[in-house]
Amino acid sequence: MWGKLFGGDEERPADPYALPVSRKDKRNGVYKLRALGDTRVLAMVEAARAGHWEELKTASAPFDLGRDHQVLGELAEIAGVEYWIGGAAEADEEHRATALLISGARHIVWGWEARTSARASEVSQEQWRTFHQRLHIAEEHLLEAAELRPEWVAPWRRLLTSGRGMPLGTAVNEARLDAALRRDPLDLETHIEWVSQLQPRWHGEPGAALEFARKAFAQAPDGHRLGCVIPMAHIEDWVESGDRNCLDTPEIQDELRDAARRSILHPDYVRRPGWQEDFNIFAMALSLASESIVASRVYYELGGAFTTWPWTYMAQPEKTYARFRRIA
């Protein structure tokens with residue numbers, strides 16, 4: 001039915017690397033996606049958790065960490081990597097850039113763990129000190145990785161985040177944005193990071209993020225995941241607004257429907273490891289907009305797969321996802 005309505009195929013070839021999901025993994029039909037739902041990513045994550053650099057290199061061979069932000073993000077979330085990855089960078093000259101990239105990404109996440117998501121006024125001086133120490137290390141490692149591998153976009157996208165936390169100012173961050181987009185003009189994660197930086201809470205102007213998102217998506221071919229920048233811009237507006245129903249308008253519903261049909265629901269959309277996060281971004285925005293036509297298709301395709309991002313903006317992320325899924 002959905003294929004006829006939206007122009008896609010009803011049957012997709014089985015993914016040989018799909019991570020099995022057992023019945024016990026699901027709660028009321030919902031399960032948290034692990035390792036981007038990919039057995040190869042899981043092998044990479046397990047090697048990183050064990051601190052086995054040689055195994056990690058072998059497991060990461062199918063991926064390009066310099067461009068695949070989601071795979072790199074899996075490594076950045078692993079506690080303990082920060083204690084041994086620097087040694088790997090020193091000992092392995094051939095793969096030094098990769099180790100530095102992982103280290104830089106990890107130190108940014110580790111830094112924010114120290115700062116926490118509390119308001120700036122509620123963060124202690126000790127937390128600020130630790131936060132900035134870790135970001136300084138991240139900056140050093142990412143800049144060297146970028147120098148060693150000038151074709152990579154990932155260091156520049158991550159430097160946008162560290163630059164926002166330092167903070168280094170608009171001129172520096174705009175230069176880093178330009179550097180990332182020169183390497184990949186359609187890079188989704190770079191665009192999403194900039195949408196966040198354009199928010200008023202980061203001294204941006206109201207409406208600037210959505211304008212940026214619309215211009216970016218207009219340049220993308222049909223079926224490109226850059227379409228996710230539209231729902232993400234609306235989610236960011238919702239975060240900024242004091243009106244919980246601010247997205248519930250016919251105009252926003254139409255825009256989200258069009259973006260979904262031109263990106264994640266288009267026949268040319270490629271389901272890479274972690275594609276479920278793209279669908280979760282649309283699911284959250286469509287639900288916040290009380291959209292009832294495309295939302296059900298998006299949740300159907302997800303099959304209950306829940307990703308942490310972008311639901312972390314909710315007080316009870318997984319419960320909220322499950323509730324919206326039932327309504328859809």
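1. **Ground rules.** Because this is a predicted model, local features need pLDDT of at least 70 and side-chain atom pairs count only at pLDDT 80 or more, while totals for chains, interfaces and linings use all residues. Residues are numbered from 1 along each chain as its sequence is written, and side-chain values use heavy atoms, with hydrogens and water left out.

2. **Two cis peptide bonds to look at.** Most peptide bonds are trans. The one from Met166 to Pro167 is cis, though, with omega near -15°. Pro167 sits in the loop between helix H8 (154-165) and helix H9 (170-183). Helix and strand names here refer to DSSP runs (helices are H or I, at least four residues; strands are E, at least two), numbered from the N terminus. Another cis bond joins Trp309 and Pro310, with omega about 5°. Pro310 belongs to helix H16 (residues 308-311).

3. Most residues other than glycine have a negative phi. Asn28 has a positive one, about 55°, although it is not a glycine. You'll find Asn28 in the loop between helix H1 (2-6) and strand E1 (31-32). Ala35 is not a glycine either, and its phi is positive at about 50°. Look for Ala35 in the loop between E1 and helix H2 (39-50).

4. **Are those two residues buried or exposed?** Asn28 is exposed, with a relative accessible area of 70%. Ala35 is buried, at 8%. For the cut-offs, buried means under 20% relative accessible area, exposed means over 50%, and partly exposed is in between (1.4 Å probe, protein chains only).

5. **Helix H15.** Seven of the eight residues of H15 (residues 295-302) are buried, so this helix is largely enclosed by the rest of the structure. The buried ones are Ala295, Ser296, Arg297, Val298, Tyr299, Glu301 and Leu302. Just after H15 comes Gly303, with a positive phi of about 60°.

6. **How many salt bridges are there?** The structure holds 24. The term covers a side-chain nitrogen of Lys or Arg within 4 Å of a carboxyl oxygen of Asp or Glu. The next points pick out a few of them.

7. **Asp92 and Lys57.** These two side chains meet in a salt bridge at 2.6 Å, N to O. Asp92 lies in the loop between helix H5 (85-91) and helix H6 (96-115), and Lys57 is in helix H3 (residues 53-59), so the pair ties together parts that are 35 residues apart in sequence. Both Asp92 and Lys57 are buried.

8. **Glu126 and Arg129.** In this salt bridge the closest N and O atoms are 2.4 Å apart. Both residues lie in helix H7 (residues 125-148), three residues apart, which is about one turn of the helix. Glu126 is partly exposed, with a relative accessible area of 45%. Arg129 is partly exposed too, at 41%.

9. **Glu193 and Arg157.** The closest N and O atoms of this salt bridge are 3.7 Å apart. Glu193 is in helix H10 (residues 188-197) and Arg157 is in helix H8, so the pair ties together parts that are 36 residues apart in sequence. Glu193 and Arg157 are both buried. As for networks, salt bridges that share partners join Glu54, Lys57 and Asp92 into one.

10. The cut-off used here is a pair of cysteine sulfur atoms within 2.5 Å, and a search of the whole structure finds zero disulfides. The sulfur of Cys228 is 19 Å from the closest cysteine sulfur, that of Cys246, which is too far for a bond. Cys228 also counts as buried, at 0% relative accessibility.

11. **Asp278 and what it touches.** Asp278 is in helix H14 (residues 275-288). This residue is buried, with a relative accessible area of 1%. Leaving out residues up to four places away in sequence, Asp278 touches Leu188, Arg225, Cys228, Ile264 and Tyr269. Contact here means heavy atoms within 4.5 Å. Cys228 from the previous point turns up among those contacts.
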